[in-house]
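Please read the following report alongside the sequence and the coordinates. It moves from the chain as a whole to selected local features.

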Amino acid sequence: MTPRPDPTFGLAYWWWGLEIAQRLRERLGLKRHETWQHIQDNLVRPHQREGSYTTIATEPYLRRDDHPALLCALGVVPATPLIDPAVMESTLLDVRDNWQWDTAWGWDFPSWP
């Protein structure tokens, strides 16, 4: 089996996007879409190491010279059941203290903790 990267931000974004789609169906008087619900209910939890989220679930897990996109999983995307606020707080503190901000560019700066 090929390992899946399962990016932290991507997983939260998928859950939220599916939830928005389901809510729109409900507003239209339709039932929640069963397949979408199955996908939403079975999304894997984002990968963690040492009490913090990693960017992806495969090696190298986290590159401190890349975008700190993992922070966007709670903030850019509203709270979802996939993201534990306490783990995200630990992640935020880790990024704040250990990220290679001299390599940051573009949309990295709005992610600055």
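## Contacts and overall architecture

Within the protein chain, 65% of the contacts with a separation of 6 or more are accounted for by residues 24 or more positions apart. The model is a predicted one, and of its 113 residues 35% count as buried. The C-alpha trace spans about 50 × 35 × 25 Å along its principal axes.

The secondary structure of the chain amounts to three helices and two strands, and read from the N terminus on these elements follow the order α-α-β-β-α.

## Helix α3 and its two faces

Helix α3 takes in residues 85-98, 14 residues in total, and from its first C-alpha to its last it reaches 20 Å, which is close to the 20 Å expected at 1.5 Å a residue. At the start of this helix, the backbone nitrogen of A86 has a side-chain oxygen of D84 within 2.8 Å.

Which residues of α3 are buried? They are V87, M88, T91, D94 and V95, and because these buried residues fall within an arc of 120 degrees when seen down the axis of α3, they line one face of the helix. The packing partners of the buried residues of α3 are β1 (48-49) and β2 (52-53). On the face turned away from the buried side, α3 carries the exposed residues P85, A86 and E89.

The structure holds three aromatic pairs. One of them is formed by F9 and Y13, a tilted pair with 5.3 Å centre to centre and 55 degrees between the planes. Because F9 and Y13 are four residues apart in helix α1 (residues 8-27), about one helical turn separates them.

Y13 also pairs with W16: the centres of these two rings are 5.7 Å apart and their planes stand at 65 degrees, so this pair is edge-to-face, the cut-off for that class being over 60 degrees. Y13 and W16 both lie in α1, three residues apart, again about one turn of the helix. Together, F9, Y13 and W16 form one aromatic cluster.

Are Y13 and W16 buried or partly exposed? Y13 counts as partly exposed because its relative accessibility is 42%, and W16, at 27% relative accessibility, likewise counts as partly exposed; the range for this class lies between the limit for buried, under 20%, and the limit for exposed, over 50%.

A further arrangement that involves an aromatic ring is found at W36, where R25 lies over the face of the ring at 5.8 Å from the ring centre.

## D6, ahead of helix α1

D6 lies in the segment before α1, and with a relative accessible area of 17% this residue is buried, since the limit for that class is under 20%. The side chain of D6 makes a polar contact with the side chain of R4, at 3.3 Å.

Which residues does D6 touch, when those up to four places away in sequence are not counted? The residues touched by D6 are L11, V44, T55, I56 and A57.

The loop between β2 and α3 contains P60, and the peptide bond that joins E59 and P60 is cis, with omega at about 15 degrees. Y61 is found in the loop between β2 and α3 as well, and phi of Y61 is near 70 degrees, which is a positive value in a residue other than glycine.

Methods:
Residues numbered from 1 in each chain as written. Predicted model: local features only at pLDDT ≥ 70, side-chain atom pairs only at ≥ 80, totals over all residues. Heavy atoms only, no water. Expected span 1.5 Å × (residues − 1). Buried < 20%, exposed > 50% of the residue type's maximum accessible area, 1.4 Å probe, protein only. Arc of directions from axis to C-beta. Contact = heavy atoms within 4.5 Å. Polar contact = N/O pair within 3.5 Å; in protein donor to acceptor, adjacent residues only side chain to side chain. Phe/Tyr/Trp six-rings, centres within 6.5 Å; stacked < 30°, edge-to-face > 60°. Lys NZ or Arg CZ within 6 Å of the ring centre and 35° of its normal.
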